[in-house]
Amino acid sequence: MINEDKKINKNSKNEQLEYFRSADSEDKKLTTNQGLKLTEDARSLTAGERGPTLIEDFHFREKMTHFDHERIPERVVHARGFAAHGEFQVYKSMKQFTRAKFLHDPNVKTPVFVRFSTVVGSRGSKDTPRDARGFATKFYTEEGNFDLVANNIPVFFIQDGMKFPDVVHAIKPEPHNEMPQASAAHDTFWDWVSQNQESAHMVMWLMSDRAIPRSFRMMEGFGVHAFRFVNEEGKSHFVKFHWKPVLGTHSLVWDEAEKLGGKDPDFNRRDLWEAINMGDYPEFELGVQILEEKDEFAFDFDILDSTKIWPEEDVPVEIIGKMTLNRNVDNVFAETEQVAFHVGNVVPGIDFTNDPLLQTRLFSYTDTQLLRLGGPNFHEIPINRPVCPFHNNQRDGFHRQTINKGQVSYRNNSLANNSPHTVDEKDGGFAHYQEKVEGHKIRARSKSFDDHFSQARLFWNSMSDAEKKHIINAFCFEVGKVQYKPIQQKIVDMFAIVDHAMAAAIAEKIDVNVPPAEVQLKITKKSPALSQENTPKLAKTRRTAVIIADGFHGAETKKVIETLQAAGVKAEIISDRLGPIRADDNSELIAKHTFTTASSVIFDAVYTVGGTQADNTFKKKAKLFMQEAFDHYKPIGIAEEGERWFNELQMPSKTGVVVNNHQPEQFSKRFIDAIAAHRFWDRTIS
Ligand code: HDE
């Protein structure tokens, strides 16, 4: 129980959590929840050694009842997620634009908690479906919690939250047979898309590589809506928030994503967990696009429309700070599952706009927590508590933790000096931005929201050839799985407006008619920032499988591994058995994986060394491993036997294949460059 007077440093999230944490390492006596020490915990109380269990067994009943109630409803969307703690610092003061204190002082480290998620799948579903990813950040600021509840896609399916239950029902498993899990590739979703053309832009992103991120550490984040920055003088600017990953924005290839769903359904969470444990702290820079109020109508789209981006070339993203994730959670349920984000959690200096999607979100988040977390006191759960003091006259309710003292629970009061009392804006009080609004009560949308295709085409125009190919393949997969022919035809007709050649290529593969070419928009504008070709590319933290068999070249292999590691590449030994593998010079390397426990899809690159004692089974498995990595466009390093085996595969090209001719230093340098290039899209695949 929390007593208001209990002394903890309220400004330290770590200390706050420590207060509630119970460590495994302490020597503790087993008790009931009432503190009764127990002599036995494996046998229930029975009448005689072979007799019936007695209802008197309060210990058994307490243990089982608690277990029976362990589950809470999973999130209706974003059910599967993984989170980490960290800190955020601004590079420079943003005081000119916002009163938000955590954006003023570059010396202040604001604790953060970030939960990444998929949207559609259940809590136990795989990490790698084609889906948007959630990227929700709670900033525990000294002025209260600010939640930036973002996605890795900058636009949304709909313009008005009224349609949210519809799009979610359509994309979730179909209700009559609860299939398919974590996938948009079914009739109801595409039926909904064809009936709701405002989704065109988001669907283009969903069909692109953005929807299969390589890692949570390599995703952009977008607040999607236009928010407001409000400064001390009460002046407001429109603002859009961006997270830019320092490692760049990178993706899986679809075949890899599908295979990973079986080989390692935890692929993305494991990647985040391991990176933090190894000290490779994920970093994201915070960017803002800022618009003056006078420019509200300066664009050929409505800046309040959540199906639109503000192209970065038109409104530059200014980088203002950095977030570093440096601590894993201690308990997934207590932290990741119980964290309650709310787009309405803002601090003075950050405010809302009339974006109709944002406005409806402002209702949904608290409402959903009331059900999910079982009552109105979820703000008291340790992960949700602000680090600053909070006082009001709210009382009681399910699971109330605080023991409020005293007689008074109302204002205005004279008995407690009218405490707690409101404060002026100049003393840190929040006052809503006084935007002037007037109008008729109507269910209608401004004509400025009517263009659903121009930015879908802008996105298409901005893609590289490889990215375009992936989008076409994604449509062929997704819409190809639709059973009802007229839906397939409608989708192809709809996306011919975006690009006719794209639609024709899809039509051919899914056996529907090619629409007339005239429907396509003539827009040629591009936004280079949208292509992942233009993102930072680094070898750092990439995983390379090093395939060795007994009799491998010891000195050379060790030299290569050392050089890779010095460049931040994770080199992991794989062989046909775990444990020590003996080199030609009698030294050893320890195999962490076998061909049974690991496969090429969990690695970014492969270095096949081989070994003089490799038998035919080993060779076959190593070849399969290389073949798959090759088909996924990954860098391949080869030495000694490795090169012979690769040549036996008779692959159609050697693009991205780096040979080690007993020159480990030269080889390592070229291989690291290849790892940094990530994929070789111009490679010919048979
Ligand atoms: Fe959410 N969304 N959303 N959403 N959303 C939820 O809140 C909702 C939208 C996003 O890791 C729910 O606590 C409505 C856009 C993230 O815990 C729910 C609308 C964006 C997360 C909800 C939207 C998001 C959620 C479900 C349309 C990107 C996971 C559980 C008006 C900017 C947060 C929960 C976490 C979660 C409602 C649209 C991001 C039901 C009504 C746009 C990252 O309240």
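Me: Before we start, what should I know about the model and the numbering?
Reply: The model is predicted, so local features need pLDDT of at least 70 and side-chain atom pairs count only at pLDDT 80 or more, while totals for chains, interfaces and linings use all residues. Residues are numbered from 1 along each chain as its sequence is written, and side-chain values use heavy atoms, with hydrogens and water left out.

Me: How many helices and strands does the protein have?
Reply: The protein has 17 helices and 20 strands. Helices (H or I, at least four residues) and strands (E, at least two) are DSSP runs, numbered from the N terminus.

Me: What share of the residues is buried?
Reply: Buried residues make up 53% of the 686. Buried means under 20% relative accessible area, exposed over 50%, and partly exposed in between (1.4 Å probe, protein chains only).

Me: And how much of the contacts joins residues at least 24 apart?
Reply: Among contacts between residues at least 6 apart in sequence, 73% join residues at least 24 apart. Contact means heavy atoms within 4.5 Å.

Me: Turning to the sheet: in what order do the 6 strands run?
Reply: The 6 strands form an open sheet in the order 17-14-13-18-19-20, with parallel pairing. Strand 17 (593-594) and strand 20 (657-660) are the edge strands, each pairing on one side only. Two strands pair if DSSP finds at least two bridges between them.

Me: Why is strand 13 described as largely enclosed?
Reply: Strand 13 (residues 543-548) is largely enclosed by the rest of the structure because 6 of its 6 residues are buried. Arg543, Ala545 and Ile547 lie on one side and Thr544, Val546 and Ile548 on the other. In a regular strand the side chains alternate between the two faces of the sheet.

Me: What about strand 18?
Reply: Strand 13 and strand 18 also pair in the parallel sense, over 5 bridges. Isoleucine 548 has glycine 610 as its bridge partner in strand 18. In strand 18 (residues 605-610), 6 of the 6 residues are buried, so this strand too is largely enclosed by the rest of the structure.

Me: How many bridges join strand 18 to strand 19?
Reply: There are 3 bridges between strand 18 and strand 19, which run parallel. One of the pairs is threonine 608 with isoleucine 638 in strand 19.

Me: And strand 20, are its faces covered or open?
Reply: Both faces of strand 20 are covered: Val657 and Val659 are buried on one side, and Val658 and Asn660 on the other. Strand 19 (residues 636-639) pairs with strand 20 in the parallel sense over 4 bridges, and alanine 639 has asparagine 660 as its bridge partner.

Me: Where is serine 531, and what is it in contact with?
Reply: Serine 531 lies in the loop between helix 13 (500-510) and strand 13. At 6% relative accessibility, serine 531 counts as buried. Leaving aside neighbours within four places in sequence, serine 531 is in contact with Ser462, Met463, Ser464 and Glu467.

Me: Last one: is phenylalanine 241 buried or exposed?
Reply: Phenylalanine 241 counts as buried, at 3% relative accessibility. Its place is in strand 8 (residues 236-245). Not counting residues up to four places away in sequence, phenylalanine 241 touches residues including Phe146, Phe222, Phe227 and Phe229.
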